[in-house]
Amino acid sequence: MFDPDGLRGDIRGAAPNLWNAVAQLATGLTGYILPDLERRDRRDSFPKTLNDPIWGTIELLPHEVLILDTALLQRLRGIRQLGMAHHVYPGASHSRLEHSLGVLEAAD
């Protein structure tokens with residue numbers, strides 16, 4: 001059985017500097033939205049609706065929109081999910097951000 005806490009402890013023990021560097025990077029990239037996530041009253045907010053050709057209508061909850069609007073995820077717009085396949089198949093042209101939205105919908 002997978003034990004995430006045990007894995008974290010193993011990583012901290014094997015490479016404490018790496019663990020601290022990754023934790024500091026994650027805090028720097030997402031730390032500014034944490035107060036908004038905690039403060040936001042979700043009862044007064046409505047979901048954001050997107051239309052996707054594969055999944056149909058995707059509804060994003062307010063906390064998902066906050067995370068999606070971070071610079072870290074917006075950088076995925078410029079990365080192609082299928083590499084150079086668009087040269088052979090012109091319709092195969094979606095980005096990592098679009099792929100992430102599909103993954104979010106599949107996980108919901």
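This is a predicted model: local features need pLDDT of at least 70, side-chain atom pairs count only at pLDDT 80 or more; totals for chains, interfaces and linings use all residues.
Residues are numbered from 1 along each chain as its sequence is written, and side-chain values use heavy atoms, with hydrogens and water left out.

**Overall fold**

- The protein has six helices and two strands; here helices (H or I, at least four residues) and strands (E, at least two) are DSSP runs, numbered from the N terminus.
- With a radius of gyration of 18 Å, well over the 13 Å that the globule rule gives for 108 residues, the protein is more spread out than a compact globule. The radius is taken over C-alpha atoms, and the rule is 2.2 Å times the number of residues to the power 0.38.
- Along the principal axes, the C-alpha atoms fill a box of roughly 45 × 45 × 30 Å.

**Surface, contacts and charge**

- Of the 108 residues, 15% are buried; buried means under 20% relative accessible area, exposed over 50%, and partly exposed in between (1.4 Å probe, protein chains only).
- Among contacts with a separation of 6 or more, 36% join residues 24 or more positions apart; contact means heavy atoms within 4.5 Å.
- The protein carries 11 positive and 14 negative charges, and their mean positions are 7 Å apart. Lys and Arg count as positive and Asp and Glu as negative, while His and the chain ends are not counted; each charge is placed at NZ of Lys, CZ of Arg, CG of Asp or CD of Glu.

**The nonpolar core**

- The largest nonpolar core has six residues: Ile58, Leu60, Val65, Leu68, Leu97 and Leu101. Such a core is a set of buried Ala, Val, Leu, Ile, Met, Phe, Trp, Tyr and Cys residues joined through side-chain atoms within 4.5 Å.
- At least two residues of this core come from each of strand 2 (56-60), helix 4 (62-68) and helix 6 (96-107).
- Beyond its neighbours within four places in sequence, Leu60 is in contact with Pro47, Lys48, Leu50, Val65, Leu68, Leu101 and Leu104.

**The loop between helix 5 and helix 6**

- Ser95 sits in the loop between helix 5 (71-74) and helix 6, and Ser95 is buried, at a relative accessible area of 11%.
- Leaving out residues up to four places away in sequence, Ser95 touches Leu76, Arg77, Ile79, Arg80 and Gln81.
- Arg80 also lies in the loop between helix 5 and helix 6; at 41% relative accessibility, Arg80 is partly exposed.
- The contacts of Arg80, again without residues up to four places away, are His86, Ser93, His94, Ser95 and Arg96. Arg80 and Arg96 are 16 residues apart along the chain, with 5.9 Å between their C-alpha atoms.

- Ala71 belongs to helix 5 and is exposed at 52% relative accessibility. From Ala71 to Leu29 is 42 residues in sequence and 7.9 Å in space, C-alpha to C-alpha.
- Gly31 is in the loop between helix 2 (16-30) and helix 3 (34-39), and Gly31 is partly exposed at 23% relative accessibility. Gly31 and Pro90 are 59 residues apart along the chain, and their C-alpha atoms are separated by 39 Å.
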